[in-house]
Amino acid sequence: MRDRFWERIPPTKMTSEEWEALCDGCGKCCLNKLEDEDTQEVALTRVACRLLDDQTCLCGQYEIRKTLVPECIQLTPDTMKDVAYFMPETCAYRLLHEGKPLKSWHPLISGDPDTVHEAGVSVRGITVPEFEVDEEDWDDYIIDEPGT
Ligand code: SF4
Ligand code: SF4
């Protein structure tokens with residue numbers, strides 16, 4: 001990866017390795033959200049996708065996730081304009097889309113994949129799997145976004 005590529009290479013010019021490395025591993029995009037269709041207001045819940053590992057905050061089947069969870073959104077430079085508004089506030093893809101710098105705890109800045117957890121930004125230890133909660137009860141699990 002090129003030195004500090006996130007500060008000087010436009011997303012459309014990044015390699016796939018660079019694009020993937022932008023993910024800080026917080027796991028917040030794998031939490032289910034409730035969206036008001038009229039206002040597009042989004043509420044985050046701690047009800048997680050069935051493939052999310054609560055401890056690593058990573059997808060348990062990343063390579064075949066689209067087969068198992070067709071609704072999983074694949075982020076690309078082209079789709080960011082449509083999805084940025086409901087991504088977590090601290091998501092590196094959203095930050096870059098909005099022209100903002102990465103946070104100090106981002107692994108690309110700190111050099112340590114654990115700093116996102118140590119900073120209390122990730123979902124480690126707070127999720128419940130979606131197969132344990134009826135969808136009609138998700139509003140009982142609404143949370144403030146960790147780390148904001
Ligand atoms: S919210 Fe963004 S940075 Fe966090 S895991 Fe999802 S894609 Fe990666
Ligand atoms: S399929 Fe994997 S990447 Fe997609 S939302 Fe679920 S846990 Fe996250």
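Arg4 sits in the segment before helix H1 (5–8). The model is predicted. Phi of Arg4 is near 45 degrees. That value is positive, in a residue that is not glycine. Arg4 counts as exposed because it has 11 C-beta neighbours inside 10 Å, and the limit for an exposed residue is 12 or fewer.

Gln40 also carries a positive phi, of about 60 degrees, although Gln40 is not a glycine. Gln40 lies in the loop between two strands, S1 (31–35) and S2 (42–48). There are 9 C-beta neighbours inside 10 Å of Gln40, so this residue counts as exposed.

Two ligands were examined by the residues around them. The surroundings of ligand 1 include the residues Cys23, Asp24, Gly25, Cys26, Gly27, Lys28 and Cys29. Met87, Pro88, Cys91, Ala92 and Tyr93 also belong to the surroundings of ligand 1. By class, eight residues of the shell around ligand 1 are nonpolar. Two are polar and two are charged.

Around ligand 2 stand Cys30, Cys49, Leu51, Leu52, Cys59, Arg65, Val69 and Cys72. Seven residues of this shell are nonpolar. One is charged, and no polar residue is present in the shell around ligand 2. Cysteines occur in the surroundings of ligand 1, among them Cys23 and Cys91. Cysteines also occur around ligand 2, including Cys30 and Cys72.

Notes
Residues are numbered from 1 along each chain as its sequence is written. Chains are lettered from A and ligands numbered from 1 in the order in which they are written. This is a predicted model: local features need pLDDT of at least 70, side-chain atom pairs count only at pLDDT 80 or more; totals for chains, interfaces and linings use all residues. A residue is near a molecule or strand if its C-beta atom, placed from the backbone, lies within 6 Å of it. Ala, Val, Leu, Ile, Met, Phe, Trp, Tyr, Cys and Pro count as nonpolar, Asp, Glu, Lys and Arg as charged, and the others, Gly among them, as polar. Helices (H or I, at least four residues) and strands (E, at least two) are DSSP runs, numbered from the N terminus. A residue is buried if 20 or more other C-beta atoms lie within 10 Å of its own, exposed if 12 or fewer, and partly exposed in between; C-beta atoms are placed from the backbone.
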